[in-house]
Each structure stands twice: as structure tokens, then as C-alpha cells.
Amino acid sequence: MLPRYNTVKKMGEHEIIIQKSRFIAHVQRTETEAEAQEFIQMLKKKYWDASHNCSAYLIGEHDQIQKANDDGEPSGTAGVPILEVLKKRKLKDTVVVVTRYFGGIKLGAGGLIRAYGKATSEGLDAVGIVERRLMRVCHVHIDYSWLGKIENELRSSTYILKTIQYQEKVEIEVFVEEESQQAFTDWMIELTNGQAEITAGEATYLEEEI
């Protein structure tokens with residue numbers, strides 16, 4: 001699992017007009033090639049009357065799955081520009097389909113490359129980009145006498161307080177970056193004079209819009 005990476009925030013679409021042609025960028029997060037293909041085929045059916053439904057996707061921790069499709073546009077003028085935008089933005093697990101309704105004015109190869117790149121970029125901006133950070137949920141068990149101090153310290157720190165559960169002892173759940181686990185443990189032990197019990201829980205991704 002990557003410690004952090006960028007991807008799209010959600011599914012969405014955005015339309016622009018260039019030389020009377022409509023370009024509709026459809027954006028989706030996807031973790032498998034099968035999901036990406038399903039998204040593409042769904043849009044081809046929905047926009048069956050469009051001139052073209054061009055697409056590209058970039059999937060995997062090391063971008064090992066990537067594909068571009070011009071869907072009838074001149075070779076290299078649609079799918080590749082879409083893919084290049086994804087690479088330039090350093091996005092992962094993302095599929096984009098740009099639907100074009102031809103407006104009667106030919107754009108030429110250069111014009112098409114710019115148009116599909118622009119549609120993709122603006123579509124990504126409209127949908128939003130998030131950074132996903134791999135975090136470990138650390139469970140801190142303390143006596144109630146330490147609660148006020150520990151809660152205040154956590155809220156003024158860079159660590160992210162998840163929940164506080166009031167049981168026989170107080171259990172505090174904190175999101176901690178993988179590489180900071182030892183530093184967090186040492187800090188908790190120091191704050192509580194060695195009385196805190198700390199265990200590492202599951203790993204999960206937190207998302208922050210960028």
C-alpha cells in the first residue's frame with residue numbers, strides 16, 4: 001500500500017464548447033481495469049449518438065495498467081492526450097471518458113489534442129482531486145485522570161483524533177501515519193508517565209482535498 005497518492009474525489013462530469021463541438025468529460029475513480037471498462041461501456045451506451053467517446057485510464061500503485069482509446073478520432077489525438085493529463089497530474093486509479101458531439105468545424109490534429117487535454121483538465125478541476133494518506137489507527141487506553149491533558153495535547157498536535165470511547169478506561173483512537181507510529185507511542189508514554197497502553201490497529205486511507 002502506498003503511503004500517499006492522489007486520485008479524483010468522486011464521479012462527475014464537466015462540459016466545454018470548442019469551435020461549436022461539445023466536449024463532455026466524465027471522471028471516475030476506479031481500482032480495477034474491469035471497473036474502468038464498465039464505466040466506459042456504460043457511457044458509450046448512454047451517449048450512443050455522440051460522434052466519439054474517447055477514453056483513458058491509469059490504474060495501480062505503479063501505474064502498471066494504462067490504456068488510451070481514440071474511438072474513431074485520428075490516432076493519438078484523443079485517448080493519449082487524456083492519458084497524458086492524468087500522468088501530468090500524477091493521478092492514480094482514475095478513468096476519464098470525453099464524449100464529443102461534432103459541431104461542424106474540423107479542429108485538425110493539434111486542435112484535437114488541445115481540446116481533449118483541455119476537456120480532461122477542466123473535468124478534473126470540476127470534480128476535485130484528493131490526496132489519500134495511509135494511516136494506522138492507534139488505540140490509546142488511559143485512566144480518566146489523564147483524559148483532559150491527553151485530549152488537549154492531541155487536539156493541538158498534528159495527529160488526528162478519531163474517537164473517544166468512555167469505558168472502564170478511556171479509549172482514544174488516533175490516526176497516525178505509518179512512519180510516525182514509534183514517535184507517537186513514545187510521546188504518549190512520556191505524557192502519561194508510562195501509564196498509557198498503546199496498540200496499533202488497522203491501516204486505512206484518509207482523504208484530503210487538494
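## Residue S55 and its surroundings

Leaving aside neighbours within four places in sequence, S55 is in contact (heavy atoms within 4.5 Å) with I40, K67, A68, N69, G79, I82, V96 and V97. The model is a predicted one, in which local features need pLDDT of at least 70, side-chain atom pairs count only at pLDDT 80 or more, and totals for chains, interfaces and linings use all residues. Residues are numbered from 1 along each chain as its sequence is written, and side-chain values use heavy atoms, with hydrogens and water left out.

S55 lies in strand β4; helices (H or I, at least four residues) and strands (E, at least two) are DSSP runs, numbered from the N terminus. With 5% relative accessibility, S55 counts as buried. Buried denotes under 20% relative accessible area, exposed over 50%, and partly exposed the range in between, for a 1.4 Å probe and protein chains only. S55 and L83 are 28 residues apart in sequence, and their C-alpha atoms are 8.1 Å apart in space.

Strand β4 covers residues 52-59, and eight of its eight residues are buried, so the strand is largely enclosed by the rest of the structure. In a regular strand the side chains alternate between the two faces of the sheet. Both faces of β4 are covered, with H52, C54, A56 and L58 buried on one side and N53, S55, Y57 and I59 buried on the other.

Two strands pair if DSSP finds at least two bridges between them. β4 is joined to strand β6 (residues 94-101) by seven bridges, and the two run antiparallel; the bridge partner of S55 in β6 is V97. With strand β5 (residues 65-69), β4 pairs in the antiparallel sense over five bridges, and here Y57 has K67 of β5 as its bridge partner.

## Loops with positive phi

The hairpin of β4 and β5 has five residues between the strands, and in it G60 takes a positive phi near 110 degrees. D63 is also found in the loop between β4 and β5. Although D63 is not a glycine, it has a positive phi of about 55 degrees; at 24% relative accessibility it counts as partly exposed.

D93 occupies the loop between α2 (79-88) and β6. Its phi is positive, about 50 degrees, although D93 is not a glycine, and at 11% relative accessibility D93 counts as buried.

In α5, F184, M188 and L191 are buried. Seen down the axis of α5, these buried residues fall within an arc of 65 degrees, so they line one face of the helix; the arc is that of the directions from the helix axis to the C-beta atoms. Q182 and E190 are exposed on the other side of α5. The buried residues of α5 pack against β7 (129-142), α4, β9 (170-177) and β10 (197-209). N193, which follows α5, has a positive phi near 55 degrees.

Helix α4 (residues 147-155) and helix α5 (residues 181-191) pack at an angle of about 145 degrees, with their axes 11 Å apart. Axes are lines fitted to C-alpha atoms, for helices over the stretch in contact, and angles run from 0 to 180 degrees between N-to-C directions. K149, I150, E153 and L154 of α4 make the contact with F184, W187, M188 and L191 of α5. These residues divide into six nonpolar, no polar and two charged, where Ala, Val, Leu, Ile, Met, Phe, Trp, Tyr, Cys and Pro count as nonpolar, Asp, Glu, Lys and Arg as charged, and the others, Gly among them, as polar.
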